[in-house]
Amino acid sequence: MRLDLVEKWGLEMKVRQGASAVEGPSALVLGIETSCDETAAAVVRDGKEILSNVIASQVDLHRIYGGVVPEIASRKHIELIMPVIDLALKEAGASPGDLDAIAVTYGPGLVGALLVGLSAAKAMALALGCPLVGVNHIEGHIYANFLEYPEVDPPLVCLTVSGGHTDLLYIDEYGRYDILGRTRDDAAGEAFDKIARVLGMDYPGGPEIARAAEAGDPTAIDFPRGLLQADTFDFSFSGLKTAAINYIHNLRQRGEEVPVADIAASLQEAIVDVLIAKTLAAAQAYGVKTIFLSGGVAANERLRSRLRELAAADGIRVYYPSKVLCTDNAAMIACAGYYRYLRGERASWELNAVPNLRLGEG
Ligand code: KG4
Ligand code: ZN
């Protein structure tokens with residue numbers, strides 16, 4: 001099955017398999033995620049044990065365009081969704097009748113992409129007579145931490161940094177989000193991706209910049225750190241993006257060599273500096289001793305290690321998911337959905353895709 005999929009669609013397929021579904025009083029939740037360019041399904045027991053986590057990435061398809069093409073993403077989701085769900089159930093050793101709930105991402109994201117996952121989830125829930133739970137994609141990213149560290153409780157400060165979002169949140173209890181700040185323009189991941197593209201790197205650019213940065217000097221170029229000194233928890237990365245792109249164009253116009261490693265290291269440092277300063281300031285302002293990092297950019301090693309080191313000096317513990325759970329996946333959706341299910345939340349058949357869904361809006 002797995003090989004068939006890889007050969008048939010030529011897609012990267014990541015599968016993490018845990019123990020098979022066993023007897024006993026426990027809740028099995030199937031998570032479904034199709035908000036962007038990953039078709040993903042996972043089976044998670046009791047919000048903490050990953051029995052399967054299947055991610056069919058379309059990244060190779062979109063790479064030639066330098067970013068995600070929404071129409072192509074929707075079409076691929078349609079081809080992949082049922083095989084991916086079948087595989088997730090098989091890897092978990094579960095049958096559809098074992099499921100206690102189906103959790104699906106309904107926003108934010110690309111509307112056509114979201115509708116594919118939603119339609120599959122609704123059809124399965126209806127056919128199985130199984131509860132349906134709608135999950136906010138950003139909440140899913142936050143819950144990737146509760147999935148791996150179920151013993152950690154709020155209150156905490158969470159930095160969610162992905163290709164589309166840069167949100168700083170105060171969470172005083174499960175399911176309640178106080179948005180302290182967000183980006184006023186580009187998301188942190190978007191800044192990585194756009195500058196990487198100008199440097200001729202592949203999409204997504206974040207991991208490429210991080211790799212190139214290993215050989216560079218983070219102090220080589222003094223790129224702007226937007227809103228660093230400002231009295232706000234908001235972020236701004238558009239000035240940095242313009243400065244980096246102008247820097248590269250000027251060198252090219254003069255026919256000079258572009259020091260890719262130094263640019264990558266300096267850029268990464270500028271982004272990480274701002275993310276860390278605001279997050280630590282928020283933790284101090286709210287007097288919390290726990291910080292969560294989540295979203296695709298939370299896979300960045302420099303961000304992870306520097307934040308952990310600086311926070312430790314203030315007696316603050318920093319948690320971040322393992323890398324496969326930082327970027328888009330369905331295990332985090334199953335986990336967030338499990339807690340909503342426990343709270344008695346059920347989606348109606350009218351549940352629709354909400355491309356601009358905000359945290360705390362349902
Ligand atoms: O959460 P995610 O998979 O998708 C969205 O919901 O956007 O995040 C993808 C973003 C991309 O912008 C990608 O470049 C960035 O996460 N990213 C990274 C790293 N790995 C992924 N950025 C910096 N360093 C990384 N190691
Ligand atoms: Zn995401």
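Colleague: Of the 18 residues around ligand 1, which come nearest?

Modeller: A residue makes this shell if one of its heavy atoms lies within 4 Å of the molecule. There are 18 such residues around ligand 1, and those that come nearest are Gly 163, Asp 193, Gly 206, Gly 296 and Asn 300.

Colleague: Before we go on, what kind of model is this?

Modeller: Residues are numbered from 1 along each chain as its sequence is written, chains are lettered from A and ligands numbered from 1 in the order in which they are written, and side-chain values use heavy atoms, with hydrogens and water left out. Local features need pLDDT of at least 70, side-chain atom pairs count only at pLDDT 80 or more, and totals for chains, interfaces and linings use all residues, since this is a predicted model.

Colleague: OK, how much of the accessible area of ligand 1 does the protein cover?

Modeller: Start with the polar contacts (pairs of N or O atoms within 3.5 Å): an oxygen atom of ligand 1 lies 2.9 Å from a backbone N or O atom of Gly 206, and a nitrogen atom of the ligand is 3.0 Å from an N or O atom in the side chain of Asn 300. A polar backbone atom of Asp 328 also sits 3.1 Å from an oxygen atom of ligand 1. On its own the ligand has 550 Å² of accessible area (Shrake-Rupley, 1.4 Å probe), and the share that the protein covers is 87%.

Colleague: Which domains does ligand 1 lie between, and why?

Modeller: Helices α5 (137-148), α6 (188-198) and α7 (205-213) each supply at least two residues of the shell; helices here are DSSP runs of H or I with at least four residues, and strands are E runs with at least two. The bounds of the domains come from an automatic or database assignment. Both domains give residues to the shell, so ligand 1 lies between domain 1 (2-146 + 326-342) and domain 2 (156-287).

Colleague: Is Glu 269 buried or exposed?

Modeller: Glu 269 has its place in helix α9. Its relative accessibility is 10%, so Glu 269 counts as buried.

Colleague: What is the geometry of the peptide bond from Tyr 203 to Pro 204?

Modeller: Most peptide bonds are trans. Pro 204 is found in the loop between α6 and α7. With omega near -5 degrees, the bond from Tyr 203 to Pro 204 is cis.

Colleague: And what is the phi of Leu 227?

Modeller: Most residues other than glycine have a negative phi. Leu 227 is found in the loop between α7 and α8, and at 22% relative accessibility it counts as partly exposed. For this residue, which is not glycine, phi is positive, near 60 degrees.

Definitions and conventions: A polar contact is a pair of N or O atoms within 3.5 Å; within protein, one must be able to donate a hydrogen and the other to accept it, and residues adjacent in sequence count only if both atoms are side-chain atoms. Buried means under 20% relative accessible area, exposed over 50%, partly exposed in between (1.4 Å probe, protein chains only).
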